[in-house]
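Okay, everyone, let me put the model up on the screen. I'll go through a helix pair and then the packing.

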Amino acid sequence: MLRIRFTLEDLARTRVALLGPLAETQLSLRMLQRREEKVLFDGWRRRTRPRVPPDARQLAAFVASPQGWMVDLFTLLGPVSSIEEGRERLLSAPRAQLRAELSPDARLDRLRPSWLSHPGAGDGAVVERLANGLADYHAASVAPYWDRIHQHLSAHAHLVGKLMAAHGVGAALESLAPYLRWKPPVLELPDYRPWQGPDDYGYHLGGRGMVLAPSLFCGPVPQLFTPATDAEALLIYPAPRDPATIRSIWSPPRPAASHKALAALLGTTRAAILATLVDSYTTTDLARRLSISPSSASQHTGVLRQAGLVSTTRHRNTVHHAITPQGRTLLDGTSATP
């Protein structure tokens, strides 16, 4: 277990952010090599494995070891909005820091591709091959689904941000159970196992604060990364991954429906709820906005959730709803139809 201790300054400096496509690409490399969460990811694994480029196959066990080690490109490069931006940041990353990340432990040398020369960061051609290998793998594994992945992560981050703004950081941390347990002033990661060192240990943020980054490919156990500088620590944690939502991410796009067809398919009230949940709402606020009863709003969102069109996050007695990637695709199709 990992116990992360917060001070008041740490709480004030804690925020939620999306890391972008390069981080998801690296995390997906580890998910590709593991067997966990078969219901959610085996379909993606079967489609992706035959398409992995040779350099990415060689990189996989070194930059994203299935045993737990990961090269920390996350804090080194920061959030990126596109794979092209990630590639450029990697190419221009400080060589000393990149060298340190690529030379972490002699035990990992056996996993290093022969072309990723030790220490691996002094040769521009080597770094370019590393960047190209990750970009090519992204095109095969993550790019086909990126719009939906981004929508899913954005909707969740928006919910967490609203909780944080309305009820404080503690409420946001509480909402991330069962992966995390908030016992003020300590955040517990019950299943966390470090790459090296004792299985049960504590980490003091020391006023640096923390970035909370939801991820689709993180796996069931959150991962802590601490930069070499005194910048915020980074905690990557699994975004909500109910089967209906994940299936909607991997499924092929549906034909666009007309607005009348959508209302006929879902019902007028459910169609209106889906359109409203482009922004997240609690059950009570949704009912007030659409002039329906809270029980009716709860019933309709339950049906939409079972269909994979809406996701729900609970905090104590409050339930927040937001549209899923599949719901967004259906809604965007209606708005594009005359």
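Let's start with helices H14 (residues 283–290) and H15 (residues 294–306): their axes come within 8 Å and cross at roughly 105 degrees. Axes here are lines fitted to C-alpha atoms, for helices over the stretch in contact, with angles from 0 to 180 degrees between N-to-C directions. So H14 is roughly perpendicular to H15, a label that covers 65 to 115 degrees. Helices are DSSP runs of H or I, at least four residues, and strands are E runs of at least two, numbered from the N terminus.

Who meets whom? On the H14 side we have Thr 283, Leu 286 and Ala 287, and they meet Pro 294, Ala 297, Ser 298 and Thr 301 in H15; contact means heavy atoms within 4.5 Å.

Before I go on: this is a predicted model, so local features need pLDDT of at least 70 and side-chain atom pairs count only at pLDDT 80 or more, while totals for chains, interfaces and linings use all residues. Residues are numbered from 1 along each chain as its sequence is written, and side-chain values use heavy atoms, leaving out hydrogens and water.

Now helix H3, residues 38–48. Its buried residues (under 20% relative accessible area, 1.4 Å probe, protein chains only) are Leu 40, Phe 41, Gly 43, Trp 44, Arg 45 and Thr 48. They pack against H2 (21–33), H8 (124–141) and H11 (243–250).

Last stop, Pro 220, in the loop between strands S6 (210–215) and S7 (223–225). Leaving aside residues up to four places away in sequence, Pro 220 touches Glu 36, Glu 37, Tyr 179 and Pro 238. Its C-alpha is 10 Å from that of Met 31, 189 residues apart along the chain.

Key:
Buried < 20%, exposed > 50% of the residue type's maximum accessible area, 1.4 Å probe, protein only. Parallel < 35°, antiparallel > 145°, perpendicular 65-115°, else oblique.
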